[in-house]
Structures are given as structure tokens and as C-alpha cells.
Amino acid sequence: MLDAQSVWELIERRAEADLGRELLVDSGGSRMTNGEFRDAALRTAAGLHGLGVRQGTVVSWQLPTWNAGYVLMAALCRLGAVQNPIIPIYRDREVGFIVRQIRPEIVITPTEFGGFDFAAMVARLTEEIGATGTRHVPADRTLPEGDPAVLPPYRAPSERELRWYFYSSGTTADPKGARHTDTAILAAARGMHACLELTPEDINGMAFPLTHIAGPIWLAASLMAGMSNVLLDRFDPAAAVELFGREKVTLGGSGTPFHLAYLKAQREFALTHPGERAFPSFRLCNGGGAPRPATLHAQIRDEVGGLGVVAGWGLTEAPILTMSTVHDPQTALDDSEGRPMPGVQLRVVTLEGKLADAAEEGELRAKAPQMMLGYVDPALDAEAFDADGYFRTGDLGTVDADGFVRITGRLKDIIIRKGENISAKEIEDQLFTHPRVADVAVIGLPDVERGERVCAVVVAAEGAAALGFVEMVEFLKAAGLMTQKLPEQLEVVETLPRNPTGKVIKRDLVARFKD
């Protein structure tokens, strides 16, 4: 494994070691070797230097999953800027919040992408906020360039030097900005490299935004392994089948919505190509970021092919805290998120505030080398860390005697009905097993009598009749669900609203069905 102390140093070392080996392929037809990637990043760094970007300059950018996005990321690493990658589906509300909070000197976006006018949005926001010192630089697959000879010598960041602002997905409130370092990015990448046993022969299919915190982690892990990446700028199952199949992708990321789409694509493909695989080169499906049905690992393994789903768990504040490995037993791959990554310390604290026993449920709290420095808003830090310095993840889970972590829900996903705590995930896991249910979210709705009532929001399986309320109740009873936990309301929808990492945006469902 190739290693380094900073992302830019890793880019340079890989270019020196494998100058002509392919690193990036995107759905727009751009292909780049390690050498071409480094050289393009140096030219772009020079172009940005000409625009005034220096060590510590704050730059927000919102590019799709293009090779140009990674080039921009690398160029900002070379300059020592504090970069703020923003997920492309964020609009005025989220981008406005971010720009108001960190006041970037430059905002880089496409002029237009996916039918949305990014340039107009930035103009609106800078006028509304009064950010007169913020400049917009349009980048439609072409970035500013200059002569690398103008660049000052590279200075590697210190271990705790701020280099990144990443904003959480904000499924329940305003996004939270996490202050990150190259140290954190590289720690997560090293662990992922080891758990997935990445090799130069691997080809990663990236169908999620590279502006997510997993974007630089995947870049670093790829450079460590000497492997390549195939980038899809908008996830479309048909496009993924064609592109990932043609490019012989071996790693099918990156979360539950994508894996469900691969499974559906395989089933459709099998109708006309019996006995063949839609993704014949898949070695495994790496995943994380969202809950998954208990049956998904086995379905991917048996139908799509390869090892199945090799899952991990983490947050924007502390990415990839745990991950399964390619050698874990099938029982652990079925329902766990693996074991803690190197250097990660986990503790489980019950709702009553005591340390949990093995396999006892509680809130997962962590210390880790990939932990953020803190929030952009320092007022959030006091509540985020406990008295012993452990980060309060807000995720409920268990750690068994062998160290395997299982996520059982979210603290905010606890529905309090008549004073009793009900886990939304427990009900979701049961409903996922119904053959006519393709997707499900369970939410708590305000209720005068009960405090909250339990509502199941269900997407019917393709071609299947929608689940009825009485049928749902009888199914859950037969599965052994306690009467007190049975949903009192059922809503059937065409799709669930999800953020770019696959998490259901439950606030939208609550707003829709609360009356």
C-alpha cells in the first residue's frame, strides 16, 4: 500500500509510481491516468492561484461526479485551501445556509446542470446575503488553468490543520458543518483499503456525489491501492448497467438505494439473459450511509454476484468508524456493519446513561483518528461530545462479544407513544421482509392522545398490489411484533424522499402526513 501524510502528497507519489495507469473514467467520456490527473491538478492550482486562492482561502464548490470535480479537489489540496465540497442536489436553502456560515471567497459551480441554473442561484444568494467578497467561478467540465511554475512550494498540513468543511445531509434540520483534516480523510481511507483488500486490479463504480465526504476518502484509498474509478454523474440504473459493465467495475457502491437498484437491474436483465450477470465483474458491493433490509446481503450475493454487501458505518463528523471485511462470516455480513476500524474506540451508552453490556442496545459513542475537529458552529460542540470526549453519534446499536456492530435505530427515530419508546427501525426491518414491499419508512406523527402515533410509509414492489392496513397489522403480529408497536396508520407512496447518501428525509414525510 502506498501511503502519505497528506492527500496531495499521495497524489504525487502515485503519479511517480504509476504515471500511465488509469485512475479516472467518467460518464462524459473523460479518461485520466495518474500522471494526467496530477498535471491537470497543477494547472488548475495555477489558474486558481491567479484568482487569488492561497493557503487557507475558503473555497466552496458544487460540481457533479466528473473527473473535473476530482481535479478541482486535488488542485485545492495543492494550494492548501480550505475547501467546502457541496452536494450537487443542494439548492438555495442549503447552499445559502452554508455560504452565510463560512463566507467563502470563491464559489465554483457549473453554469447549468440537470436542468438547474447554478449561476443564477449563486447570484441570488450572494445578493441576498450581502456576500460582496464572494466571487462565482463557473466550471462546466473546464476549470481555470495556468502555468504551474507560478505556484509556491507545497507545504504539507500539520496533523490537526483545517483543510475541509463538510456539511451533513440535514434530514431533520439545517445542515451541520464539520471541520475536517487530511489526517481524518487518510485514516478512513487506510481502514477501507484494508477491510476491502483493495488491489490495483479493482475498479470502483462511483454513483454517488464525490462532494460527499466519501469522495476524497475514495480518492485516497484508490491512490493507496493503485486502482481506478468509474464515475457516474447521475445515478440511473440503465446507465449504470451499461457503464459499469463496459468498464468491468469490481466494486459496486455505495449504499442501500444503489444496491436495490442493482438488484432490480439484475432481475430485469435475467429475463432476457437467463443465467447471465448484469454486472459480471462485481467482486463485492461496498455500502454504508443508510439502513439496509436484512435480506439484502444474501440477495446481492446470490443474484447480482460476488461476495454480497460489505457494509460500514460512520457519519460526516466521523466517517467509516466500522467496516466489514471480506473475511467476515456470512452471519455478520447479513446484518452487521463490521467491527471498529483501526484506532477507533467505541462505547455503548444505554438510554438510562450507563455503559451497556455486550449486545445491549444503547447510543454508540466514538473517539477516532477520523473524527472532525469540531463543528463550524462551536456552540454545537458541547452537546456533541460527552464528558469523556466521546462523540455522541445519535445512532442506537449493539456491539457483540466478537466486536461486530449492529445499528438498531436513531435516537431521533425513537417514537414515544404513550410514554413508551418504539424503534422505527425495528418495524421497518419487519416490513422490508414482506414480498410486496419495495421500500419503507416508519415515522412518528404528532397525536394529542398518544403524544406520537406510529405511521408506516410504504412503497409497493413493482407490479404488486399495495399492502393494506389490516394485512400489514396481521403480518407484523405474525412476525412477533408487540401490539404496542403496531403502526396505527399506513400510507402508500410511489417513492420515499432520500438525501444523496440514501437516508430517508423523514421530516418531509412527517410534514406530508401529520394532519
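Biologist: Which element gives the most to the lining of the second largest pocket?

Modeller: This is a predicted model, with residues numbered from 1 along each chain as its sequence is written. Local features need pLDDT of at least 70, side-chain atom pairs pLDDT 80 or more, while totals for chains, interfaces and linings use all residues; side-chain values use heavy atoms, without hydrogens and water. At least two lining residues each come from α9 (256–272), α10 (296–304), β25 (437–447) and β26 (451–460) (DSSP runs numbered from the N terminus: helices H or I, at least four residues; strands E, at least two). The most, 8 residues, come from α9.

Biologist: How much space lies in the second largest pocket?

Modeller: A pocket is an open set of points on a 1 Å grid over the protein atoms alone, where a 1.4 Å probe fits, with protein on both sides within 12 Å along at least five of seven lines; lining residues have an atom within 4 Å of a point. Here 47 residues line the pocket, and the closest to its centre are Pro257, Phe258, Leu260, Ala261 and Asp439. The lining has 28 nonpolar, 9 polar and 10 charged residues. Its space, filled by probe spheres set on the points, is about 1,400 Å³.

Biologist: At what angle do α1 and α3 pack?

Modeller: Helix α1 covers residues 7–17 and helix α3 residues 67–79, with axes 8 Å apart. Axes are fitted to C-alpha atoms over the stretch in contact, and angles run from 0 to 180 degrees between N-to-C directions. The pair is roughly perpendicular (65 to 115 degrees). The packing angle is about 115 degrees.

Biologist: Which residues of α3 make the contact with α1?

Modeller: Contact means heavy atoms within 4.5 Å. By class, this contact has 5 nonpolar, no polar and 1 charged residues. From α1 come Val7, Trp8 and Ile11; from α3 come Ala74, Cys77 and Arg78.

Biologist: Which residues of α7 meet α1 in their contact?

Modeller: Helix α7 spans residues 214–225; its axis and that of α1 come within 9 Å and cross at roughly 35 degrees. The contact divides into 6 nonpolar, no polar and 1 charged. On α1 it uses Leu10, Ile11 and Arg14. On α7 it uses Ala220, Leu223, Met224 and Ala225.

Biologist: Which residue does a cis peptide bond join to Gly253?

Modeller: Omega of this bond is about 10 degrees.

Biologist: What is the phi of Arg141?

Modeller: Arg141 is in the loop between β8 (135–138) and β9 (164–167). Arg141 is not a glycine, yet its phi is positive, about 65 degrees.

Methods
Parallel < 35°, antiparallel > 145°, perpendicular 65-115°, else oblique. Nonpolar A, V, L, I, M, F, W, Y, C, P; charged D, E, K, R; others polar.
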